[in-house]
Amino acid sequence: MGLREDVAQVLIPADKLQARIAELGREINDAYSDNAPPLLVCVLKGAFMFLADLTRRLDVRHEVDFMEISSYGAGTTSSGVVRILLDLEQNIEGRHVLIVEDIIDSGRTLEYITRNLRTRNPASLRVCTLLSKPARRQIDVPVDWVGLEIPDEFVVGYGLDYAEEYRNLPFIGVLKEEVYRE
Ligand code: PRP
């Protein structure tokens, strides 16, 4: 009950998300081949829904693995403190790694992950993020695929949470200020 009532505005409706993810899938298919199959590294928790839809758009052979990173705590802005809560199961040495993120905000999480994964000597390391908030970038990290750029609003849904809720909404929405000011 009530989750949708906490949303002030639907920023990206579900059908627009799915259309963009289909395009990203086509581009990623073209960028890899079955001879050099990618390992998709889903950055939990936020990217779980994007990974689930993206993987179903891929024809190229690939595997998935998961990493959990935390930087936000229960607040609405990044604390800048990044921790690995869950590490990859797979050894990525010599593998073509594609990091799958839900959103890049300050860039600190992605900078930490790319620096960390590079020390493990992957054959290649690329990044696909569904969303990017360029206005908030503090560290410039190269990103190979950006689904959609969004304004500096606090967004939830499609994997993104506020205090661990709202991840199940099928769209990206702007949370009413009163919800996180309470
Ligand atoms: C969010 C998001 C990114 C990161 C982006 O994760 O999924 O990983 O923050 O912010 P940054 O560019 O400022 O580092 P969060 O820490 O909220 O964890 P969650 O995905 O488990 O919700």
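Reply: One cut-off comes first: a residue counts as exposed over 50% relative accessible area, as buried under 20%, and as partly exposed in between. Keep in mind that this is a predicted model.

Start with Arg 56. Its relative accessible area is 63%, so Arg 56 is exposed. Its side chain meets that of Asp 53 in a salt bridge, at 2.8 Å from N to O. Asp 53 has a relative accessibility of 15%, so Asp 53 counts as buried.

Next, Asp 105 and Arg 136. They form a salt bridge too, with the closest N and O atoms 2.4 Å apart. Asp 105 sits in the loop between strand S5 (96-104) and helix H3 (108-118). Arg 136 sits in the loop between strand S6 (124-132) and strand S7 (145-149). The pair therefore ties together parts that are 31 residues apart in sequence. Asp 105 is buried, because its relative accessible area is 7%.

Lys 45 pairs with Glu 164, and the closest N and O atoms are 2.9 Å apart. The two residues are 119 residues apart. Lys 45 lies in the loop between strand S2 (38-44) and helix H2 (48-55). Glu 164 lies in the loop between strand S8 (155-156) and strand S9 (172-175). Lys 45 has a relative accessible area of 35%, so Lys 45 is partly exposed. Glu 164 is partly exposed as well, at 45%.

Lys 45 and Glu 164 also belong to a network. Asp 161 and Arg 167 are its other members, and salt bridges that share partners join the four. Across the model, the count comes to 12 salt bridges.

Last, the nonpolar surface. Val 64, Phe 66, Leu 85 and Leu 86 form a nonpolar patch there. Together they have about 290 Å² of accessible area. Two strands contribute: S3 (63-70) and S4 (83-86) each supply at least two residues of the patch. Val 64 lies in strand S3. Its relative accessible area is 33%, which means that Val 64 is partly exposed. A patch residue needs over 30% and no salt bridge.

Conventions. Residues are numbered from 1 along each chain as its sequence is written. This is a predicted model: local features need pLDDT of at least 70, side-chain atom pairs count only at pLDDT 80 or more; totals for chains, interfaces and linings use all residues. Side-chain values use heavy atoms; hydrogens and water are left out. Patches are made of residues with over 30% relative accessible area and no salt bridge: like charges are joined within 9 Å, nonpolar side chains (Val, Leu, Ile, Met, Phe, Trp, Tyr) within 5 Å. Accessible areas come from the Shrake-Rupley method with a 1.4 Å probe; for residues, only the protein chains shown count as cover. Helices (H or I, at least four residues) and strands (E, at least two) are DSSP runs, numbered from the N terminus. Buried means under 20% relative accessible area, exposed over 50%, partly exposed in between (1.4 Å probe, protein chains only).
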